[in-house]
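Please read these remarks beside the model.

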Amino acid sequence: MIGHERIHVAECESTQLLLKPDAPEGTIATTDHQTAGRGRLGRRWVEPPGSSLLLSVLLRPPDASRPQELSLVAAVATAQAVEAATALPAQIKWPNDVLLAGTKVAGILAELRAGAVVLGIGVNVNQTEAQLPLDTRTAAGSLRTATGRQHDREQLLRDLLGRLAAAYEGWREQGLAAVHAELAARDLLRGKSVVAGGKAGRAAGIDTSGRLMLETDSGATVVESGEILLEP
Ligand code: BTN
């Protein structure tokens with residue numbers, strides 16, 4: 001059902017703004033260029049026209065669910081699609097980044113709107129090194145900088161939608177347990193020294209509620225979400 005209805009425009013401010021909350025569940029919005037692309041924590045998401053996969057999906061999760069888990073569900077589907085396209089291992093940096101060879105190639109933004117979730121996924125596909133932003137916390141990369149060749153954005157979209165539909169269905173039935181093994185296998189932070197949600201410690205995995213587990217000097221704790229700084 002995800003992607004059966006599609007809005008595509010050549011250019012827009014943000015695909016997040018193209019989906020009205022009363023649209024059918026699974027409606028997607030795509031564009032070739034955003035003039036005011038949104039990142040997490042109020043940041044901008046910037047790309048040269050025609051270089052990226054820029055996608056928003058409207059989902060209406062069940063009342064009793066934890067919609068904040070959807071960015072991890074989307075991160076798993078995106079990592080799988082990126083890995084299938086490149087034949088390189090894709091990792092997830094909790095809570096929402098997808099990395100190839102240590103560079104961030106995709107990010108997820110989940111926004112709540114009147115009971116619906118607008119899930120935004122941006123994948124850097126065909127940017128050259130010179131076209132990537134320099135001012136990012138995690139060095140930016142693209143599928144092209146990782147593989148040395150160009151990739152078909154529509155093919156990546158089709159594959160990603162199939163994987164997202166499967167992960168979302170699993171999540172609706174079983175919650176995060178449906179993707180937890182995939183998350184654990186791709187967890188970039190595990191074992192690393194980090195500062196997360198203002199707490200310093202060693203990342204000890206992602207729990208079954210999607211929280212980052214931390215071992216700190218004063219004991220074990222969890223972080224709901226927030227900024228992650230990797231310690232050198
Ligand atoms: C992040 O890593 O901070 C999240 C980035 C999310 C970017 C995507 S691109 C498609 C959708 N439209 C937006 O304006 N943002 C998301």
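The numbered points below concern a predicted model.

1. Helix pair. Helix α1 covers residues 70-86 and helix α3 covers residues 153-174. The two pack at an angle of about 140 degrees, and their axes are 8 Å apart. The crossing of α1 over α3 is right-handed.

2. Residues at the helix contact. On the α1 side, the residues that meet α3 include Leu-70, Val-73, Ala-74, Ala-77, Ala-81 and Ala-85. Their counterparts in α3 include Leu-156, Leu-160, Arg-163, Leu-164, Tyr-168 and Trp-171. By class, the contact of α1 with α3 comprises 14 nonpolar, two polar and two charged residues.

3. Ala-165. This residue also belongs to helix α3. Ala-165 counts as partly exposed because its relative accessibility is 21%, and the cut-off for buried is under 20%. Between Ala-165 and Ile-206 there are 41 residues in sequence and 22 Å in space, C-alpha to C-alpha.

4. Ala-87 lies in the loop between α1 and β4. Its phi is near 60 degrees, a positive value in a residue other than glycine. Ala-87 is exposed, because its relative accessibility of 66% is over the 50% limit.

5. Pro-89. The loop between α1 and β4 (90-93) also holds Pro-89. With a relative accessible area of 60%, Pro-89 is exposed. Setting aside residues up to four places away in sequence, Pro-89 touches Glu-83, Leu-99 and Leu-100.

6. Backbone geometry elsewhere. Most residues other than glycine have a negative phi, and most peptide bonds are trans. Leu-41, in the loop between β2 (28-31) and β3 (52-59), has a positive phi of about 55 degrees. The peptide bond from Trp-94 to Pro-95 is cis, with omega near 5 degrees. Pro-95 sits in the loop between β4 and β5 (97-100).

7. Ligand surroundings. How many residues surround the ligand, and which are the closest? There are 20, and the closest are Ser-14, Gln-34, Arg-38, Arg-40 and Lys-104. A side-chain N or O atom of Gln-34 lies 2.8 Å from a nitrogen atom of the ligand. For Lys-104, a side-chain N or O atom is 2.6 Å from an oxygen atom of the ligand. Asn-96 also has a side-chain N or O atom 3.4 Å from an oxygen atom of the ligand.

8. Asn-124. Is Asn-124 buried or exposed? Asn-124 is buried, because its relative accessible area is 5% and the cut-off is under 20%. The residue is in strand β7 (residues 116-124). Its side chain makes a polar contact of 3.2 Å with the side chain of Gln-127. Leaving aside neighbours within four places in sequence, Asn-124 is in contact with Trp-45, Ser-52, Lys-104, Val-105, Leu-132, Gly-141, Ser-142 and Leu-143. One of these, Lys-104, is also among the residues closest to the ligand.

Key:
Residues numbered from 1 in each chain as written. Predicted model: local features only at pLDDT ≥ 70, side-chain atom pairs only at ≥ 80, totals over all residues. Heavy atoms only, no water. Axes fitted to C-alpha atoms, helices over the stretch in contact; angles between N-to-C directions. Helix = DSSP H or I, 4+ residues; strand = E, 2+ residues; numbered from the N terminus. Left-handed = near helix turned anticlockwise from the far one by under 90°. Contact = heavy atoms within 4.5 Å. Nonpolar A, V, L, I, M, F, W, Y, C, P; charged D, E, K, R; others polar. Buried < 20%, exposed > 50% of the residue type's maximum accessible area, 1.4 Å probe, protein only. Near = heavy atom within 4 Å. Polar contact = N/O pair within 3.5 Å; in protein donor to acceptor, adjacent residues only side chain to side chain.
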